[in-house]
Amino acid sequence: MAQIVVENLVKVFRVAERRPGMMGALAGLVRRRHREVRALDGVSFHLDAGELVGYIGPNGAGKSTTVKVLAGILVPDAGRVEVDGRVPWKDRIVHVARIGVVFGQRTQLWWDLPVIESFDLLRDVYRVAPADYRRARDELIELLALAPLLDTPVRQLSLGQRMRCDLAAALLHAPQLLFLDEPTIGLDAVAKLQVRDFVRRLNRERGTTVILTTHDLDDIEALARRVLVIADGRVLSDGSLAELRARVSRERWLTVDVVDDEDAAEIGDADARVIERDGHRVRLAFDPQVVTPAELIARVTRRHAVRDLFVENPPIEAIVARLYEGQA
Amino acid sequence: MTGYAAVVAARFRMLLQYRGAALGGLATQTFFGLVRIMILDGFYRASATPPSLGFPQAVGYVWLGQATLALFPWNTDSEIRDQVRKGTVVYELCRPLDLYGLWYARAIAWRSAPTLLRMIPMFAFAAAVLPALGLGDWGLAPPAGVGAGIAWVAATVGALFLSCALTTLAHVGVLATLGADGVPALMATIASLLGGMVIPLPLFPDWAQGLLAALPFSGALDLPARLYVGHIAAADAVWVLAQQLSWTAILVVLGRWLLARQTRRLVVQGG
């Protein structure tokens, strides 16, 4: 049975519009103009227990709104949502006791308290049994390498340290479902890898269902077996990363480094498109059904003195950008 | 209940650490206490008909108000304003606790911890230091009697619950206006004036007395202070507690209802 059922979810926000200029401001005092923003416009998907799903889309697409509805924070205008058979906003208190939530741009730790005191407070708030709490806490401290941070007040932590602590805080009550809203935002490369590693282990070893919204498509590539793409409040695509690629474009890229810069200016092929030329490096896009990679490489190496070359899939950014374009 | 109790305890512990704020508050409240007493002194000297509240009682009233200023519902918690502005309030909604209960619990800690920190040095100053300096007329006299003292303690506890209901209602207003400054500003003016923080309520005209006593604000400072100085008989403390508790009940019901309405149409700032 699906752990999460979302059907035709609609959420409309009414936003007061500000008219520009002094006259506009005065007019706004007398009569407000409202604009309706359809943040979610018929979103549907099902999720099984143990899945790790990437939820991506441009800013304002409705990602966070979906997460907030699933977390029981926002009440939608229409549609059906069930998580473990419960309607989140109707059964909010029972529901939230069984989920973990991390909003990357906000912290749930108490700013002035040492990390460990925030953890202890969450134990009481979630009424975790002392033995369960100790086990969960010690495990999380080890997995996320938090031991040196525990006595530091939260305001003195770096962003990466804080995010690791926030992840632990969201999991102390051992939820079976975790919502991560941009957990890697603003983190450096090392911290991102730590967060990804941890989320992967959590999903594989404990079977925790994870919904991950992000702008960092490396997160998706590293973690998600299934990707939901959303734009303008609608689901554009739902499937594996490979399916997403196949659906949007079969294109692959051949990057060539030549010995001589002047030579680079001449590289080209009837069956490929030059997408980038930078010094001694040229990038060609091609369709493997029109010309095989082997054939293309053979042609290029025959004509030019090549120092290095490699074939790659276009980055997911390019794919998603094309998906959005196709919609517009 | 343990969740709410844990929130109260944790915040209480944290707020007790703010020694700097306590010292600052103490200095300011002492200064304003003296200024208000000097003004009252002027009025009492110039007054043709002495008011029902004698000058020593008015002085006691002012010092009690200054000592329990942190208990008085005249301001809102800056952390809650920040939570609403920045949207961190969503985390509060992710807790298996009722948001009203959580905010009320926070208010209890936020009102009581600084009051306890400041009250004793304030009393020491007003009741011991001022008389020692030869300013006994401006000092705080002991309660009107043992009964008055006990009645004041009970009514101050009642004032805490009432004040937190008013404070939480204001926090609901902060949420409704998305953290704008209007609600806190309105609250500061209305509560201070109608609660006796500007002028002791017995000094208002007679026609206003009934109304002022009926409004909830009098329960936060005026009624307990009048019990202390003996302007209300200790035997009438039951009525004071009844006023406080019935307003607390009404304000809690109102606050919960408004908050439930608000959370149904919540817009989270910043996506």
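Trainee: Which residues in H2(B) meet H6(B), and which residues in H6(B) do they meet?
Mentor: Bear in mind that this is a predicted model. From H2(B) you have Ala22(B), Gly25(B), Leu26(B), Gln29(B) and Thr30(B). They meet Pro114(B), Leu117(B), Arg118(B), Pro121(B), Met122(B) and Phe125(B) in H6(B).
Trainee: What classes do the residues of that contact fall into?
Mentor: The contact of H2(B) with H6(B) has 7 nonpolar, 3 polar and 1 charged.
Trainee: And the geometry? At what angle do H2(B) and H6(B) pack?
Mentor: About 45 degrees, and their axes are 10 Å apart. H6(B) covers residues 99-132 of chain B.
Trainee: Why is H2(B) called oblique to H6(B)?
Mentor: The angle is about 45 degrees. Roughly parallel needs an angle under 35 degrees, and roughly perpendicular starts at 65. So H2(B) is oblique to H6(B).
Trainee: Is the crossing left-handed or right-handed?
Mentor: H2(B) passes H6(B) in a right-handed crossing.
Trainee: I clicked on Ala27(B). Where is that residue?
Mentor: Ala27(B) sits in helix H2, residues 19-46 of chain B.
Trainee: Buried or exposed, this Ala27(B)?
Mentor: Exposed, because Ala27(B) has 10 C-beta neighbours inside 10 Å. The cut-off for exposed is 12 or fewer.
Trainee: How far is Ala27(B) from Ile39(B)?
Mentor: In sequence, 12 residues. In space, 19 Å from C-alpha to C-alpha.
Trainee: Let's zoom out. How many helices and strands does chain B have?
Mentor: Chain B has 11 helices and 0 strands. From the N terminus on, its elements run α-α-α-α-α-α-α-α-α-α-α.
Trainee: What does chain B span along its principal axes?
Mentor: The C-alpha trace of chain B spans about 60 × 40 × 30 Å.
Trainee: And how does its radius of gyration fit a compact globule?
Mentor: It agrees. With 271 residues, a compact globule would have a radius of gyration near 18 Å, and chain B has 19 Å.
Trainee: What share of chain B counts as buried?
Mentor: 48% of its 271 residues.
Trainee: Where is Ala174(A)?
Mentor: In the loop between helix H6 (159-171) and strand S6 (177-181) of chain A. Ala174(A) is partly exposed, with 17 other C-beta atoms within 10 Å.
Trainee: What about Asp232(A)?
Mentor: Phi of Asp232(A) is also near 50 degrees, a positive value. Asp232(A) lies in the loop between strand S8 (226-231) and strand S9 (234-239) of chain A.
Trainee: Why does Asp232(A) count as partly exposed?
Mentor: Because Asp232(A) has 17 C-beta neighbours inside 10 Å. Buried needs 20 or more, and exposed needs 12 or fewer.

Key:
Residues numbered from 1 in each chain as written. Chains lettered and ligands numbered in written order. Predicted model: local features only at pLDDT ≥ 70, side-chain atom pairs only at ≥ 80, totals over all residues. Helix = DSSP H or I, 4+ residues; strand = E, 2+ residues; numbered from the N terminus. Rg over C-alpha atoms; globule rule 2.2 N^0.38 Å. Axes fitted to C-alpha atoms, helices over the stretch in contact; angles between N-to-C directions. Parallel < 35°, antiparallel > 145°, perpendicular 65-115°, else oblique. Left-handed = near helix turned anticlockwise from the far one by under 90°. Contact = placed C-beta atoms within 7 Å. Nonpolar A, V, L, I, M, F, W, Y, C, P; charged D, E, K, R; others polar.
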